[in-house]
Amino acid sequence: MRRWAALLACVLWAGVCLAAAPADEITASWQLVADHLGRDAYVKLDQLAGPPTREQAFAQAVVAIDYQPVTQERLHEAEAVFEQLARGDDEIAAASAYLQARMYQIHYQQQDYAKAVELFRALAERQPRSHWAQLGLVKTGLLLLYALPEPAKPADRIAAAEALLPRIGEKKLWRDLQLQLGRAGTFYEQPLDTVLPHLLAADRVGGLVGQVNADLLASIGELSLRAGHYAQARAYFERYLKEDTYNMRQMTVRRRLEDLAVLEAKAREVKP
């Protein structure tokens, strides 16, 4: 991934970027955006001489939606740039198409989730292996699960989002959608044996850290206990205690292990 894409990732996911000193003015502007200095980046880009390159136009559009105060007029101007750049077939085109869809999802005052999904799907058709297209499929899954009016039934929402999984080749993005499917199944109170496979799949991929990983381990343990999968519940509760040693939930998990021991004993008693 080029430096501008890495820095854009920092902006989109609020990451910490440790790039080397910028080699040119555009890269320096990306670094300013990553450092949450959007207005400074806007001024720097506006001072560049000559007709803008594709990268400069893209950077200016990203910066235009990043710094405050945001205006709807500026957002529409940025979208027009994204729409134009998205007609190409390079990484800038893919990132532009993704950001155009995100504008309808989160940036405009009047959000249009159906339009966002339309744009995400169009990108996935044009550049299916692009990181931005696959990230857009994860966002599409979230919109199907919670935001769009159709499908209306929870099981149908989950099935529609599940259908996106084979199209996501990046394992971490595939994991993220599996995690969201598991969370949605819990939210909609779906049968536990349809929820757990998604959470287990996310855990098998791995790579989650901090509170997200702790929540996943605790959720799998709790849902496994409720579903009667006692060995699996014990394994995940014990992993939780080992891996998340500073969380206040430790006491709750220990109590659930005590509850589990009682259930395991009763299960042994009823065996012929």
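Modeller: Start with one pair. The side chains of Arg 256 and Glu 222 meet in a salt bridge, at 2.8 Å from N to O. Keep in mind that this is a predicted model.

Biologist: Why is the contact of Arg 256 and Glu 222 called a salt bridge?

Modeller: The cut-off is 4 Å between a side-chain nitrogen of Lys or Arg and a carboxyl oxygen of Asp or Glu. Arg 256 and Glu 222 have 2.8 Å, N to O. That is within 4 Å, so the name applies.

Biologist: What makes this pair a tie between parts apart in sequence?

Modeller: Arg 256 lies in helix H14, and Glu 222 lies in helix H12. The two parts are 34 residues apart in sequence, so the pair ties them together.

Biologist: Is Glu 222 buried or exposed?

Modeller: Glu 222 is buried. Its relative accessible area is 17%. Buried means under 20%, so 17% qualifies.

Biologist: Why is Arg 256 called partly exposed?

Modeller: Arg 256 has 22% relative accessibility.

Biologist: Which other salt bridge does Arg 256 have with Asp 259, and what is the distance?

Modeller: The side chains of Arg 256 and Asp 259 meet at 2.9 Å, N to O. Both residues lie in helix H14. They are 3 residues apart, about one turn of the helix. Asp 259, at 34% relative accessibility, counts as partly exposed.

Biologist: Which residues are linked in a network of salt bridges?

Modeller: Glu 222, Arg 226, Arg 256 and Asp 259 are linked in that way.

Biologist: How many salt bridges does the structure hold?

Modeller: It holds 12. One of them joins the side chains of Asp 215 and Arg 249, at 2.8 Å, N to O. Asp 215 lies in helix H12, while Arg 249 lies in the loop between helix H13 and helix H14. These parts are 34 residues apart in sequence, so this pair also ties them together.

Biologist: Why is Arg 175 called buried?

Modeller: Arg 175 lies in helix H10. Its relative accessible area is 7%. That is under 20%, so Arg 175 is buried. Among the residues that Arg 175 touches are Ala 202, Val 205 and Leu 208.

Terms used
Residues are numbered from 1 along each chain as its sequence is written. This is a predicted model: local features need pLDDT of at least 70, side-chain atom pairs count only at pLDDT 80 or more; totals for chains, interfaces and linings use all residues. Side-chain values use heavy atoms; hydrogens and water are left out. Helices (H or I, at least four residues) and strands (E, at least two) are DSSP runs, numbered from the N terminus. Buried means under 20% relative accessible area, exposed over 50%, partly exposed in between (1.4 Å probe, protein chains only). Contact means heavy atoms within 4.5 Å. Lists of a residue's contacts leave out its neighbours within four places in sequence.
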